[in-house]
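Hello,

Here is the structure for you to look over. My notes follow below.

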Amino acid sequence: MSVDATMHVVRPGRRDAYLDWLQMLTGTGLVLFIAFHTLLTASIIFGAGALDGVAGALEALHLDTLAHIFVPILFFMHFIIAARKIPFRFEGQEAIWRDARLLNHRDTWLWLVQAGSAMIILVMGAIHMWTNINDEAILAATSTARVQSGGWFLFYLILVPLVQLHVFIGVYRIGVKWGFITDATRPKAVKILTIAFGCVLAIALIALARYATMTV
């Protein structure tokens with residue numbers, strides 16, 4: 001009597017492969033935008049004139065208009081594609097937390113942090129983009145007035161670290177998934193990304209403090 005011991009492995013379809021590529025490309029596009037956006041907003045550290053000068057140059061090239069069109073498209077496209085891997089039912093979420101505690105693996109915890117931060121960024125990021133799109137122009141006066149009014153300072157105090165954390169975890173996971181970061185280079189890559197995250201977050205928070213305290 002013969003026994004069929006063949007294992008049937010379900011391989012990801014071509015559609016999933018394309019979606020993974022799209023997720024990586026949209027994520028990379030957003031990472032580049034966030035890096036550029038951080039530099040723009042951080043120019044306030046050198047004074048209102050610095051921010052107005054940089055913003056004026058972007059407006060002269062109509063880059064602000066392009067950003068208002070393409071960044072929201074990238075933002076929502078990336079979320080929709082990535083959301084297919086996030087369990088929204090309670091049973092699925094419970095299973096993931098149970099497995100994460102059982103495995104106690106750094107990359108698993110990073111994925112959970114990234115998925116959780118994505119939910120918050122989806123709402124807060126949409127509010128931020130809508131507010132910027134409805135502003136007539138990027139100016140130090142309007143930006144500082146917004147941060148200093150209502151609860152906007154607290155809003156950005158939550159949003160800014162979450163975005164930077166999500167971005168750096170995303171860069172790390174892209175590097176691991178697509179082979180840019182190997183087992184041999186992982187410790188060094190983690191160290192470099194951690195230091196870079198700390199530096200960028202410090203710059204972003206200093207800029208936020210300037211918006212909150214500057215008189216224009």
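Buried means under 20% relative accessible area, exposed means over 50%, and partly exposed lies in between (1.4 Å probe, protein chains only). This is a predicted model: local features need pLDDT of at least 70, side-chain atom pairs count only at pLDDT 80 or more, and totals for chains, interfaces and linings use all residues. Residues are numbered from 1 along each chain as its sequence is written, and side-chain values use heavy atoms, with hydrogens and water left out.

**Salt bridges**

A salt bridge here is a side-chain nitrogen of Lys or Arg within 4 Å of a carboxyl oxygen of Asp or Glu. The count is 3. Asp20 is buried, at 17% relative accessible area. Its side chain meets that of Arg84 at 2.6 Å, N to O. Asp20 sits in helix 1 and Arg84 in the loop between helix 3 and helix 4 (90-103), so this pair ties together parts 64 residues apart in sequence. Helices are DSSP runs (H or I, at least four residues), numbered from the N terminus. Arg84 is partly exposed, at 32%.

Asp20 also bridges to Lys177, with the closest N and O atoms 3.4 Å apart. Lys177 lies in helix 7, so that pair joins parts 157 residues apart in sequence. Lys177 is partly exposed at 45%. Arg186 is buried at 17%, while Asp183 is exposed at 65%.

**Core**

A nonpolar core is a set of buried Ala, Val, Leu, Ile, Met, Phe, Trp, Tyr and Cys residues joined through side-chain atoms within 4.5 Å. The largest one has 34 residues; Ile44, Leu51, Phe75, Tyr156, Leu159, Val163 and Tyr211 touch the most other members. Helix 7 gives the largest share, 9 residues. Contact means heavy atoms within 4.5 Å. Beyond neighbours within four places in sequence, Tyr211 contacts residues including Ile44, Leu51 and Val147.

**Helix 1 and helix 3**

The buried residues of helix 1 include Gln23, Thr26, Gly27 and Leu30. Helix 1's buried residues pack against helix 2, helix 3, helix 7 and helix 8. His78 lies in helix 3 and is buried at 17%. Leaving aside neighbours within four places in sequence, His78 contacts Gln23, Thr26, Gly27 and Leu30.

Regards

Methods. Helix = DSSP H or I, 4+ residues; strand = E, 2+ residues; numbered from the N terminus.
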